[in-house]
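Please keep the sequence and the model in view while reading.

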Amino acid sequence: MEKFEKVHGVAAPMPLINIDTDMIIPKVHLKTIKRSGLGVVLFDEMRYHDHGGENEEFVLNKPAYRATEILVAGDNFGCGSSREHAPWAIKDFGIKVVISTSFADIFFNNCFKNGILPIVVEEEHHAVLMEDAHKGENARMTVHLEDQQITTSDGVVIAFEVDPHRKHCLLNGLDDIGLTMEKDHHIDKFEDHASQARPWV
Amino acid sequence: MSPKTLYDKIWDAHVAHEADDGTCLLYIDRHLVHEVTSPQAFEGLRMAGRPVRAPEKTIAVPDHNVPTTADRVNGIENPESRIQVEALDKNAKDFGIHYYPVHDVRQGIVHIVGPEQGWTLPGMTVVCGDSHTATHGAFGALAHGIGTSEVEHVLATQTLIQKKSKNMKVEITGKLQPGVTAKDITLAVIGETGTAGGTGYVIEYCGEAIRDLSMEGRMTVCNMAIEGGARAGLIAPDETTYGYVKGRPHAPKGAQWEAALNWWKTLYTDDDAHFDKVITLRGEDIAPVVTWGTSPEDVLPITATVPHPEDFEGGKVDAARRSIEYMGLEAGQKLSDVEVDTVFIGSCTNGRIEDLRAAAEILKGKKVKDGMRAMVVPGSGLVRAQAEEEGLAEIFKEAGFEWRLAGCSMCLAMNPDQLQPGERCAATSNRNFEGRQGRGGRTHLLSPAMAAAAAITGRLTDVRELM
């Protein structure tokens with residue numbers, strides 16, 4: 001996985017709460033057996049008209065936000081289905097950071113597996129970042145993972161929390177499976193023990 | 001020893017390794033797999049030359065994409081769906097995992113097949129690349145959905161990297177009123193907590209009204225724990241659980257059954273165990289409910305009216321305005337005046353035999369209103385066969401319902417069963433999101449009995465009027 005250090009780019013505002021994974025990527029696009037190429041259908045039903053053609057009102061279709069790298073979204077972002085196609089589409093579009101007041105659990109986990117940093121901030125900070133995101137392409141936000149800081153286009157600095165293990169994996173582009181396989185002997189030991197304790201499993 | 005919750009006990013029994021920062025490797029007892037969230041995971045294994053670590057604990061069944069019409073014996077027409085199902089056929093064979101192919105009578109929705117075949121047992125850890133894995137919590141198993149990267153991780157290592165969630169108790173006291181079901185309980189709880197209310201928690205459901213539920217009802221309750229944002233929902237195993245499990249094809253037998261039972265009987269929350277959050281509802285206060293909006297938290301009794309956006313606070317004001325517009329409703333309109341075009345009975349929430357019995361009970365001797373589309377999609381081939389044996393299929397067919405083959409069907413509309421833009425559906429499924437049942441489709445979630453009532457009258461209806 002690519003290493004994640006710092007993002008300096010356009011932030012787009014999506015204040016709607018409860019943006020679910022069906023909105024992020026509708027099921028018609030889940031029939032792929034690949035991970036790539038889903039950016040074009042990100043937010044499909046909001047982004048395109050029923051008869052095809054872009055909806056000019058949708059934030060990511062506006063000229064200022066076509067190169068968005070940071071999404072500032074409403075509460076409970078990513079609720080619903082476990083589909084990893086949601087972070088795949090976000091990543092493929094070019095978005096590397098999503099900021100909200102809360103995320104749904106499975107979506108939150110899925111982001112880290114794909115080199116996306118989901119950041120939870122308090123409501124007052126969220127309001128500042130949302131306002132900054134409304135300023136368009138000339139107002140770029142910076143997200144620095146090592147320092148755990150977001151800097152707005154006005155230079156306001158907001159600190160954020162991130163799980164140390166996940167931070168380490170993102171910074172170093174580490175693959176979870178490889179890391180876990182290094183602990184293989186612990187899994188062997190557990191299986192030996194469990195097969196005695198609960199042989200019916 | 002400090003008192004433990006049921007969740008604490010199952011968690012502690014499955015930690016294979018704990019790092020200094022509390023990150024654990026949690027051992028997984030059962031891994032369920034379906035065709036939509038697994039192809040990329042198997043591809044990852046192939047590219048890295050890794051086998052499936054525990055194929056005997058891995059069970060696959062196609063459900064999301066499969067057509068539910070009788071002509072599916074001729075193959076799947078949609079080429080993309082066909083490729084996904086064929087990929088699962090091949091992956092199951094290549095990696096040597098248990099498999100129920102489309103034409104097997106045991107095929108069905110993964111969360112119905114697992115319990116039915118006795119794969120799901122109390123005290124287990126169960127995962128699947130599907131958010132409704134929470135269903136299996138009904139057995140006192142720690143069960144939750146995972147993404148495709150985690151599917152690959154479990155296939156390769158039989159573990160997940162996890163941090164422990166907090167404990168939440170949802171107690172439903174007393175008895176339910178006539179016409180009120182497990183679906184009404186689970187929707188009422190989400191109405192109370194909101195869709196993010198359970199985020200960061202594992203819920204244990206308890207109380208008399210939960211104890212009184214059958215396993216089918218308990219699965220309905222736990223199934224929607226995820227819609228409340230919780231990682232998992234749990235119900236402590238008891239005689240009802242053991243009675244359901246005993247004799248199933250993959251349940252333990254003989255001396256193993258006795259040994260298992262001894263352990264299962266220790267799986268309860270100790271007195272004085274700590275819960276970080278507690279919600280209590282009185283069973284008597286729960287009414288038959290429906291959803292009016294596009295989030296499962298938009299729940300109201302069927303006797304209520306569509307709310308005004310201004311009744312809410314914060315971001316919910318705009319969300320409610322958007323929902324009401326999308327749903328084609330008006331604030332102040334009586335929910336029981338809302339006319340529907342389609343009725344869908346099925347899904348991992350309500351596609352079990354008891355659900356079909358409850359709907360058939362209301363439909364007996366009645367007809368679906370003229371011009372409506374109504375369909376029943378049993379949750380598995382075995383549920384379907386049992387319903388035919390019990391005469392339920394005849395009741396549905398005589399009433400004017402389509403009697404389909406097993407699959408996820410119109411719950412998420414990945415197969416040909418979809419709503420058209422603007423069509424309105426009374427559905428026993430679990431999500432009323434925009435476009436969930438087809439682009440522009442409008443979904444009202446409710447119980448099987450309420451769905452049957454809507455089919456008869458052509459509008460959202462208080463089932464108690466037909467009882």
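## Model and contact between chains

The model described here is predicted. In the contact between the two chains, chain A contributes 47 residues and chain B contributes 59 residues. On the side of chain A that touches chain B, five helices of chain A give two or more residues: H1 (21–24), H4 (105–112), H6 (164–172), H7 (176–181) and H8 (184–197). By class, this side of chain A comprises 19 nonpolar, 12 polar and 16 charged residues.

## Annotated region of chain A

An unreviewed UniProt entry assigns residues 1–123 of chain A the annotation "domain: Aconitase A/isopropylmalate dehydratase small subunit swivel".

## Domains of chain B

Chain B is divided into two parts, domain 1 (7–163) and domain 2 (289–466). Taken over C-alpha atoms, the centres of domain 1 and domain 2 of chain B are separated by 28 Å. Their contact involves 21 residues from domain 1 of chain B and 22 residues from domain 2 of chain B.

On the side of domain 1 of chain B that touches domain 2 of chain B, helix H4 (residues 110–116) of chain B gives the most, with four residues. The classes on that side of domain 1 of chain B are seven nonpolar, 10 polar and four charged residues.

## A three-stranded sheet in chain B

Chain B holds an open sheet of three strands in the order E1-E2-E8, paired antiparallel. Strand E1 (15–18) and strand E8 (159–162) of chain B each have a single partner strand and stand at the edges, so one side of each has no neighbour in the sheet. From one strand to the next, the twist averages 20 degrees.

Strand E2 (residues 24–27) of chain B is joined to E8(B) by four bridges. In this pairing, B:Leu26 stands opposite B:Leu160 of E8(B).

## A helix pair in chain B

Two packed helices are described by the angle and the distance between their axes. For helix H13 (residues 353–363) and helix H16 (residues 448–457) of chain B, the axes come within 8 Å and cross at roughly 35 degrees. The crossing of H13(B) with H16(B) is right-handed.

From H13(B), the residues in contact are B:Asp355, B:Ala358, B:Ala359, B:Ile362 and B:Leu363, which meet B:Pro448, B:Ala449, B:Ala451, B:Ala452 and B:Ala453 in H16(B). The contact of H13(B) with H16(B) has nine nonpolar, no polar and one charged residues.

Key: Residues are numbered from 1 along each chain as its sequence is written. Chains are lettered from A and ligands numbered from 1 in the order in which they are written. This is a predicted model: local features need pLDDT of at least 70, side-chain atom pairs count only at pLDDT 80 or more; totals for chains, interfaces and linings use all residues. Two residues are in contact if their C-beta atoms, placed from the backbone, lie within 7 Å. Ala, Val, Leu, Ile, Met, Phe, Trp, Tyr, Cys and Pro count as nonpolar, Asp, Glu, Lys and Arg as charged, and the others, Gly among them, as polar. UniProt positions are given in the numbering used here, feature names are shortened, and annotations may be inferred rather than shown by experiment. Two strands pair if DSSP finds at least two bridges between them. Axes are lines fitted to C-alpha atoms, for helices over the stretch in contact, and angles run from 0 to 180 degrees between N-to-C directions. A crossing is left-handed if the near helix is turned anticlockwise from the far one by less than a right angle, and right-handed if clockwise. Domain bounds come from an automatic or database domain assignment.
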